[in-house]
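Here is a short briefing for a reader new to this structure. Please look over the sequence and the model before reading on.

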Amino acid sequence: MARLNLLEETRFEKLPVTVFKNPKEASINVAHRIANIIRAKQESNLLAVLGLATGATPVGVYAELVRLHKEEGLSFRNVVTFNLDEYYPMQPTAAQSYVSFMNEQLFDLIDIDKANVHIPDGTLKLEDIPAFCLAYEQKIGEFGGLDIQILGIGRTGHIGFNEPGSAPNSGTRLVTLDDLTRRDAARDFGGKSFVPTKAITMGIGTIFKAKEIILMAWNTKKASIIKKAVEGEISSEVPATYLQLSDHVEFILDEDAASLLTRFDTPWLVKDCIWTEALTRKAVIWLANTLSKPILKLTEDDFNNNGMAQLALEKGPVYNINIHIFNKLQHTITGWPGGKPNADDTQRPERAEPAQKRVVIFSPHPDDDVISMGGTFIRLVDQKHDVHVAYQTSGNTAVWDDDVLRFVEFNIDFAEKMGLGNPELKEMYQRMREFIDAKKPNQVDTPEIQTVKGLIRKGEAIAGARYCGLEDDHIHFMALPFYESGKSQKNPVTEADVILTMELLQKIKPEQIFAAGDFEDPHGTHIVCFNIIIEALRRLKQTESWVNDCWLWMYRGAWLEFEPHEIEMAVPLSPQEVERKKFAIFKHQSQKDRAVFPGDDAREFWKRAEDRNRETAQAYDDLGLANYEAMEAFVRYKF
């Protein structure tokens, strides 16, 4: 019976899928499966032949394999490896090469014989590549084929570098990289223009010959392509769908990557549900959007014909369900994000008391505050709350080099106009020019250049916060140490990051905190900054009574927006307030027109924010609620 239930629940899925709570648990599982293969081969005095992948996805797997080697004696002396791919052209010593990646993550940390390591050669002459690829295939065959192949998945649906259009019987070959793949790699290369346009990759046909195939994916960025790969039709447009044809493949996912699969996203379509308040709200909004109807016009037939008969039966009549969800949504809308004084707050998202709250807006970068919640920021100040803004990082890696020269040139010219001779500044400027002229992609800036870039972002943040109405003593620059590496790859979080955050919170003792809950940023800074805040609050809660009366609201906007069923506070903006928010964003001139790390979205940050805020308002309107110009959305985080 349990097996039948599972089959019903996964009937949309066309291949086996196992879901773990988080990437760590999933990575440990995969690592132990690889270890079991190695040990079984050792017992038979045979070689274990592993197909390995690169990128962020398998890092946890390699870390666990290293731990098993160092702490539990797992030997790799009987292991032969073949990597999926390599950029072309690419020197093996380059920081971005997959040779460097594999050495740093695995090979230099275990006892593998380097003669047993095989990675496509990115230094070959173009005319030598076909012969190399044929030899690569033959060598895999000589070792008896791959015992296991681990894969990640790109957002184009590529496996290895088999981009859309790849054939299911393709072999190892030179390929041209999709533009999205190159954009995703831009951060590692210091810009998309420096990412190679080609790569050497194992083919889909080669991958298929492996005795076992495991595809891994973590986080919500991969959720949409995972849904296509698992539930979609087989298509060359999504090469990972070819894996549906294999009898020995398994997808290993974390909860975020699996979140759009039918059994998790719309479970009422595949099984009986426990109809919690949150699930009921999600289902009713989904139904309204699916049928393009306002909530109050949904009928019993609508429920019955779309997998929600159980909800109608248990919680009905249907009109009462509609009224309940409509009212819940209505109560998320407030023009008083800090709480409305002297008002009944039982149906409002924020408390009425205290009437004037101490508020901290945490901004991971020096512009996230105004991009994501600039209208609410201005509203809080206008409504006389004691608002502070805390910029958690300097943002100094996201400034163009020519802006540095322009600002230093201004200082030189200013000093001369004012009769202030400064030969040291001129010498420093010359050193900067020489460095920038010879700078290599992703090369770490000199300390002087990093300082200037940080000061540019700081000046812009001050201008933006002042425009929102803050006094200078309410503007805080934290410069958390984890960020200050000068590289796109940041340092690990340390105690210093948490202590700095605790000290600021102890100083202000806020009743309300706003923090970035937008974890899709391409540099990964938002989630790191958010976790630092949570750890600081967790510690303070043990000794500080004010923490118990402090509410934490998450905002989004720079990279994506909350869905209507998630929103707990929606702050409507008038046309005039939309304009004020836009002008606050304009203060961040170094991020306007063309940001260093724009992500996938080609729109400028002010345009993204404006469009998303209007889309949120439109979503409320479509559901039958009031029609506003724009809305900023928030979700409360209970810590």
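The points below go from the whole chain to single residues.

This is a predicted model, in which local features need pLDDT of at least 70 and side-chain atom pairs count only at pLDDT 80 or more, while totals for chains, interfaces and linings use all residues. Residues are numbered from 1 along each chain as its sequence is written, and side-chain values use heavy atoms, with hydrogens and water left out.

**Overall build**

- The protein chain holds 21 helices and 17 strands. Both are DSSP runs, numbered from the N terminus: helices are H or I with at least four residues, strands are E with at least two.
- The radius of gyration is 27 Å, close to the 26 Å from the globule rule for 639 residues, so the chain is as compact as a globular protein of that length. This radius is taken over C-alpha atoms, and the rule is 2.2 Å times the number of residues to the power 0.38.
- Along the principal axes, the C-alpha atoms fill a box of roughly 85 × 80 × 45 Å.
- Buried residues account for 54% of the 639 residues. Buried means under 20% relative accessible area, exposed means over 50%, and partly exposed lies in between (1.4 Å probe, protein chains only).
- Of the contacts between residues at least 6 apart in sequence, 76% join residues at least 24 apart. A contact means heavy atoms within 4.5 Å.

**Nonpolar cores**

- The largest nonpolar core has 67 residues, and L65 and F251 touch the most other members. Helix α2 (residues 23–43) gives the largest share of this core, 7 residues.
- Such a core is a set of buried Ala, Val, Leu, Ile, Met, Phe, Trp, Tyr and Cys residues joined through side-chain atoms within 4.5 Å.
- Another core lies apart from the largest one; it has 58 residues, among them A283, L287, F303 and F362.
- In soluble globular proteins, nonpolar side chains tend to be buried together.

**F251 and helix α8**

- Not counting residues up to four places away in sequence, F251 touches L15, P16, V17, T18, L215, I226, A229, V230 and L243.
- Helix α8 (residues 223–231) has these buried residues: A223, I225, I226, A229, V230 and E231.
- They pack against β1 (17–20), β9 (213–217), β10 (249–254) and α9 (262–265).

**E520**

- E520 sits in the loop between β14 (512–516) and α19 (525–540).
- Is E520 buried or exposed? E520 counts as buried because its relative accessible area is 18%.
- Beyond its neighbours within four places in sequence, E520 contacts T220, K221, W559 and L560.

**Cis peptide bonds**

- The peptide bond from G316 to P317 is cis, with omega near 10 degrees. P317 is in the loop between α12 (309–315) and α13 (318–330).
- E353 and P354 are also joined by a cis peptide bond, with omega about -5 degrees. P354 lies in the loop between α13 and β11 (358–363).

**Positive phi outside glycine**

- S292, a residue other than glycine, has a positive phi near 55 degrees. S292 is in the loop between α10 (277–291) and α11 (300–304). Its relative accessibility is 66%, so S292 counts as exposed.
- N342 is not a glycine either, yet has a positive phi of about 55 degrees. N342 is in the loop between α13 and β11. With a relative accessible area of 77%, N342 is exposed.
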